[in-house]
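These are my notebook entries on a structure that is new to me. I set down each item that I looked up, in order.

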Amino acid sequence: MVSPGENLRINGDRLWDSIHEIAEIGPGIAGGSNRQTVTDEDAQGRALFQKWCEDAGLTMGVDEMGTMFMTRPGTDPDALPVYVGSHLDTQPTGGRYDGVLGVLAGLEIVRTLNDLDIKTKHPIVVTNWTNEEGTRFAPAMMASGVFAEQFTKEWAYAKTDAEGKTFGEELERIGWKGDEKVGSRKMHAFLELHIEQGPILEAEEKDIGVVTHGQGLSWTQVTITGKESHTGSTPMPMRKNAGLGMARVLQLVDEIAWSHKPSAVGAAGHIDIYPNSRNVIPGKAVFTVDFRSPDLSVIQDMEARLEKGAKEICDEMELEIELEKVGGFDPVTFDEKLVTSIRDAAERLGYSHMNIISGAGHDACWINRMAPTAMVMCPCVDGLSHNEAEEISKEWSTAGAEVLFHAVVEAAEIMG
């Protein structure tokens, strides 16, 4: 296999301009993005991406989960494709780069190959996975999870949002429900570029994160039920305060995570209190506990301690509790050969780099079960993500995309 030469570079200005042009669709209120999955804004972003891809000569396939596969043919019709991409959906108050960088870097790879009239043996498929964020319809990485046979399509279609709308109906409503069977595609490799979403690369002054592993993740939805009553006239001994029960369980979550420092983390990001009125003691609390660790045994310990401890807390407070695991995946080890190609590309291009473990979940974590997979990361300012103030530099995006470019074309095999 021939490695690409160090003079093989992408057009960083074009990539940067594309990132900010698509950000104009579903703009956030503070400069970021609100392009939640299977919304009208998502549909508009998909349409723009489709146009750009077709302008670059790519042909589109869409599967039953709405995932977009944009193909540049290879010279060998029997060679399995090299897939590259991420996601275009965002958090409600998301940044401009989370996911989008990886998709548009894949498109930039194709544009650059076209500019240089370079052909590859293997086809290259730029991919936009549906509902990576999981913010409107849990869990995260839904379409890639169905692709990797971790969820069924029917189960995913039935998931509901806060307004009771189902994922399947909304996907069909926006016109992006394809007819291609999910998971029918075979891959030679899958590569994904992503911002780090953490502070390590910036703090260590490294251009590139060579992702060797991904943390495992566990999401448990906890429902605590008490009794709604007046905050002023209900005596303290007669209260059944679901909000207070949640507070004590969240303190337990924090203690459990700290007990496995420094690599484990835990918190609850999604919280609903009912009826959420100033003068009513909460009668129900629903929240999702997020535990992560690169060690599966640690995740299992945290889950077990949460279940035992939360039930003890609620029993003592005479509250009812239900716990349901609504998402998760085991820790991931990425393909050694592809990881090496990413590290070599960073060296060849003169970018500083370090090995890193991904603290966030990504579509690559599921696809790793189906094909050789690896990830490239670039820094983000202060490690801030899932926030409209998320920021990277054009230089960081260019460096990440160039390393990705080299790894992709090496896997796809440049033809002389």
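Entry 1. Does R292 count as buried or exposed? I looked up its relative accessibility, which is 15%, so R292 counts as buried. I note at the outset that the model is a predicted one.

Entry 2. I then looked for the partner of R292 and found a salt bridge with D290, in which the closest N and O atoms are 2.8 Å apart. D290 has a relative accessibility of 17% and counts as buried. The cut-off for buried is under 20% relative accessible area, so R292 at 15% and D290 at 17% both fall within it.

Entry 3. I recorded next a network in which salt bridges that share partners join D40, R136, D161, E170 and R173. Within this group I examined E170 and R173, whose side chains meet in a salt bridge at 3.0 Å, N to O. Both residues lie in helix α6, which covers residues 167-173. They are 3 residues apart, about one turn of the helix. E170 counts as buried at 6% relative accessibility, whereas R173 is partly exposed with a relative accessible area of 46%.

Entry 4. How many salt bridges does a search of the whole structure find? The search gives 22. I selected one further pair, K394 and D13, with their closest N and O atoms 2.6 Å apart. This pair links distant parts of the chain, as K394 belongs to helix α12 (residues 394-412) and D13 to helix α1 (residues 12-22), 381 residues apart. K394 is partly exposed, with a relative accessible area of 29%. D13 is also partly exposed, and its value is 43%.

Entry 5. I turned to the protein as a whole and counted 12 helices and 15 strands. Of its 416 residues, 57% count as buried. Among contacts with a separation of 6 or more, 80% are between residues 24 or more positions apart.

Entry 6. What radius of gyration does the protein have? The value is 22 Å, which agrees with the figure near 22 Å for a compact globule of 416 residues. Along the principal axes, I found that the C-alpha trace spans about 80 × 45 × 40 Å.

Entry 7. The protein exposes about 17500 Å², of which carbon and sulfur atoms supply 48%. There are 37 positive and 66 negative charges, and their mean positions are 3 Å apart.

Definitions and conventions: Residues numbered from 1 in each chain as written. Predicted model: local features only at pLDDT ≥ 70, side-chain atom pairs only at ≥ 80, totals over all residues. Heavy atoms only, no water. Helix = DSSP H or I, 4+ residues; strand = E, 2+ residues; numbered from the N terminus. Rg over C-alpha atoms; globule rule 2.2 N^0.38 Å. Buried < 20%, exposed > 50% of the residue type's maximum accessible area, 1.4 Å probe, protein only. Contact = heavy atoms within 4.5 Å. Areas by Shrake-Rupley, 256 points an atom, 1.4 Å probe, with all protein chains shown as cover. Lys, Arg positive; Asp, Glu negative; His and termini not counted. Charge placed at Lys NZ, Arg CZ, Asp CG, Glu CD. Salt bridge = Lys/Arg side-chain N within 4 Å of Asp/Glu carboxyl O.
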